[in-house]
Amino acid sequence: MTTILEQPSANGTSGKVTVTKHQRQGENEHPPSKRSKTDDEAESVMNGNGIAVKIPGQSNLSGVGNSGNVTVEPTKNGTQENDKMDTSNNAGGTGGNSDEVLDKNLYSRQIYTLGESAMVNLRTASVLISGLGSVGVEIAKNLILGGVRHVTIHDTKLANWSDLSAQYYLREEDVGHNRATACYERLAELNDSVNVEVSTNDLTEDFVKNFDLVVLTDTSRSAQLRIAAWTRAHNRRILIADARGVFSYIFNDFGNDFRVDDATGEQVREFFIEHIDRTTGEVTTLENLYHGLEDGDHVTFSEVKGLDGINGCDPIKITVTNASKFNIGNFASSFPDYIEGGRCKQVKVPTSVSHLPFEKSLKEPEFCIWDFAKFEHAAQLHSLWTALYAFEEKHGRSPLPRSSDDVILLKSLLPEGSEEIPDKLIEMFSFSAAGNLVTVSSVVGGIAAQEAMKAVTHHMTPLKQWLHLDHVEALPGDWTTFDNAKLLESDCQPRQSRYDGQAAVFGWPYQECLFRQRWFIVGAGAIGCELLKNLAMMGVACGEGGLIKITDMDQIEISNLNRQFLFRRRDVGGKKSECAARAVTAFNSDVRIEALAERVGIETEHIFNDDFFGELNGVANALDNVDARRYMDRRCVYFRLPLLESGTMGTKGNTQVVYPYLTESYSSSVDPPEKEIPVCTLKNFPNEIQHTIQWAREQFETFFAQPGEMANKFLADERGFNDHLSKLATGQQIEILQKVKDALIDGRPSSGEDCIHWARNQFQTLYHNTIAQMLHSFPPDQLTDSGAKFWSGAKRCPHVLNFDPSKEEHFNFVYAASILKAEMYGVQPIMDREEVIRIALSVNPEPFEPRAGLKIATTEAEAKEQNERGASSVAEDDDAVIEALKLRLATLNVRSTSKLNCVDFEKDDDTNHHMEFITAASNLRAENYDILPADRMKTKQIAGKIIPAIATTTAAVAGLVCIEFYKMVDANGVPRTPLDRFKNTFLNLSMPLFSMAEPMAAPRKTYLDREFTLWDRIDVQGPLTLQEFLDDVQRQTGGCEVSMLSAGTCLLFSFFMNAAKKQERLRTELKLVYEELLKKPLHETVRAIVLEPMMTDPDGEDVEVPYVRYSF
């Protein structure tokens, strides 16, 4: 398809740009103009809870041209995950009636971040991005990945060598060509559901007014003022961003009374009520649990007995009394008295934010603070940017690097009335003004793209209104051979090289050192892709001796494409590390990169060995789990390597610097453990959908994974299986043997019909009989020993379900369960839906008979005791039951019995019926207990423990990581960078909030008169006998004596050891002692082992000493 954008040019003629591009889904050639609502109109919008809230009318600009319906893609079995979502109210335009598919697999992690309504708004939005330099391309990349429906890129400038330092979609052959047309194809292929269009003419008012949002980057101040006036006049939004060297800024103007539907983007709070005092308005949570509300929040109630009229009420504004109490004022004062129970749910009520027009805001700026340690920088940089734009318009260029004359000229252009600005800051700003850093553009482009999303979704609080960023700490000081203060103009002169923009800031000697860097990136997911892009553009490992190594064992999935921007649909199924390494060479063909596909861990230390780490300058983690992070942290401490750690969760992100001899390690602090659902609640008394989803996830394992694992172990080694079994509690033995017998003999299906029979009977057991037994043991009117109602508070009285295949989840449970059962046994499943219904209805379950004396756990202690003892309990001789089960299994011919297929849970494959089963199983249990069900999206997030993610946060975090990278480069290895130059950062782009702090210093410990930190160790060179080793350690520690010595789980020496064994070990070479305990020889690549001594000082007092590295 060809896109031709035509608009009047400045001289009144028409200009055209014709670009051939890939055919795109539902593409419109031109976004038409829109009608704006008048001020006195009102509209009803759905807030974050799905509640309609009336708000004053305003122009809703989230859908130029494509105001049709967004429908949810059907699942493979023909059902739909959700009803059609009508977004015509969100669009607010007069465009056509185009339908499109919202690809929930592609956007799943972003939907978990923004919510479905915000995502729908994105899919009907139209954004103009003017200026395709480093910041513009970063914003464009993030918005296209995010799914903004129409993105038009605009530029009138030609690419130069400095652009190539940070604009990663430009190539050397693009120099001299228009930047927008040069990178158009590369941007467009990021997301084939986004209409990307290009324009190269001067912007006009008629053109600009067609867009919901206009983004200006790399634009003169006079043009900014002119275009900002146009957007104000037509009630459009504008975002302005720019970056020069280590300095950047963002400005927002979203107009007067801009609606914010959800200020924080956080999940709504929901909790049980203990009491509501109608006279005082005081509300107390059940068991004084933390409610998490803030003054000004709104709530509504349900399931309250008494206070007639409070259930389902309109949102009530509250004030917080304490962590477990809040006040609703006199809202309920006229209601009848409160009786009992109730649930309270937070409601997100739209608020409004007003911005000053750009011209007025320039004179009366309101700042968001980037770094509170430099609070005064915001106002000072505001004046410096004004002076810079004046300098460029006057002289036709930026201040030259290291030019003292230009510093004077820049200072003379500072606005009248500017506050005093330190000469050092003016100098750094001027010297940096010609610079172009991919790291800075990544940070400011990520934050700006999130602000752009807010403009078109009304989701999360927009920046008000200026954010000035600086990273002056990245400039090398006198602790390195590249002291920035000693650079000369000749050190920063352009060379018609792709690194000109970075050398303008750091100098060519520093740039050449970057070429020789050798770094290891662990993980090639979202952060890993961004790190690779940044490092390649920085020139890291782009010269002789340099190398980037990257490892990731995962394969690419559809859901990755929304933020892992190095991958395309054609890469799905490929190894992440290999595809990422191949893709990044397109940004910079000089980069030297080696891709591995191995997991980092103890089992791969023969690959990631001493030689591997010994040649590195540092490690950057891009991992998604804490265990792997801790492992890499230990390795970096051991090899004394810098570690750059980072992570994201939705709009939140953090970075951490771990630096040899200077900072604490990642493992020095531990996050509190996640709150687990009590076993008793999960098994018997669920009260939230999270409980039923977790229960359904466990049923999946119980039905389709665990039986296969146990049965296959029995078939593979019957004797070993029984030996292991004998070590378990009697009840657990009976339970496991019964499950194996059922899996291999009693419950083994021979046909798809058998699988349907089994599934139908499981429905009867789980949703009828078990619940009927519960109600037999605890009738609805049951009282506790104290006379209180048993079914009260968090305990919800359930009811039984009767199978009805006309109800979607009833059918889905049997359908999915029968298919998974058939897969487990290698049986051909029955896929015909009508046939499944017919067979399921032919099953006649036996009438329920309550079991007398069955103990149902009502407390957490009882539930844990039952779990430890085993679910099976036999009144007679347990040993006889165990022997009978073993004898029955012994009659099985294990050689002729085929093994079972263990079904491993995979959340992101819609064809495997895993999520279909879990969603149905969860919602049926929710129906038992009158809990609101969840759709498949929410169920998948909870069952799959999916972390919300979005490209904007990832870009910002990766940029911050690579800014810290600048501080770790020296010609002689690791520089002695002062602690106060490093920054650990936490950000939350939803607020937006930025918090920076120096890393924590490594804690210092002492023994005798010696001081050490976690970075210190005792080095002992072998080969030595154990006795010689102990003597050497005693000598190095000033006479301290080793009382115990261990390596991992192996105890090599202890004072209480048998005397004969002790003497034998003391005479043996230490490595041999260790290998004997390991019961295997060490791998040939192992050069040393880590030993942990327990020691006493000469006075007999226990002392803590560093660990010991024994080399051989």
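This section describes a strand arrangement and helix contacts in a predicted model.

The model contains an open sheet of eight strands with mixed pairing. The strands follow the order E28-E27-E26-E29-E30-E31-E32-E33. The edges are formed by strand E28 (593–596) and strand E33 (993–997), each of which has a single partner strand, so one side of each is left without a neighbour in the sheet. Direction ignored, neighbouring strands of this sheet are turned by 10 degrees against each other on average.

Within this sheet, strand E31 (residues 652–658) and strand E32 (residues 984–988) run antiparallel and are joined by four bridges. Opposite Thr655 stands Thr985 in E32. Both E31 and E32 are also among the strands across which helix H31 (residues 951–966) lies, together with strand E26 (518–522) and strand E30 (643–649). The direction of H31 is at about 165 degrees to that of E30.

A further contact involves two helices, H20 (residues 689–704) and H30 (residues 936–943), whose axes come within 9 Å and cross at roughly 70 degrees. Because angles of 65 to 115 degrees count as roughly perpendicular, H20 is roughly perpendicular to H30. The crossing of these two helices, H20 and H30, is right-handed. On the side of H20, the contact is made by Ile689, Gln690, Ile693 and Arg697, which meet Lys938, Thr939, Ile942 and Ala943 in H30. Sorted by class, the residues in the contact of H20 with H30 comprise four nonpolar, two polar and two charged residues.

Note on methods. Residues numbered from 1 in each chain as written. Predicted model: local features only at pLDDT ≥ 70, side-chain atom pairs only at ≥ 80, totals over all residues. Heavy atoms only, no water. Axes fitted to C-alpha atoms, helices over the stretch in contact; angles between N-to-C directions. Parallel < 35°, antiparallel > 145°, perpendicular 65-115°, else oblique. Left-handed = near helix turned anticlockwise from the far one by under 90°. Contact = heavy atoms within 4.5 Å. Nonpolar A, V, L, I, M, F, W, Y, C, P; charged D, E, K, R; others polar. Pairing = 2+ DSSP bridges.
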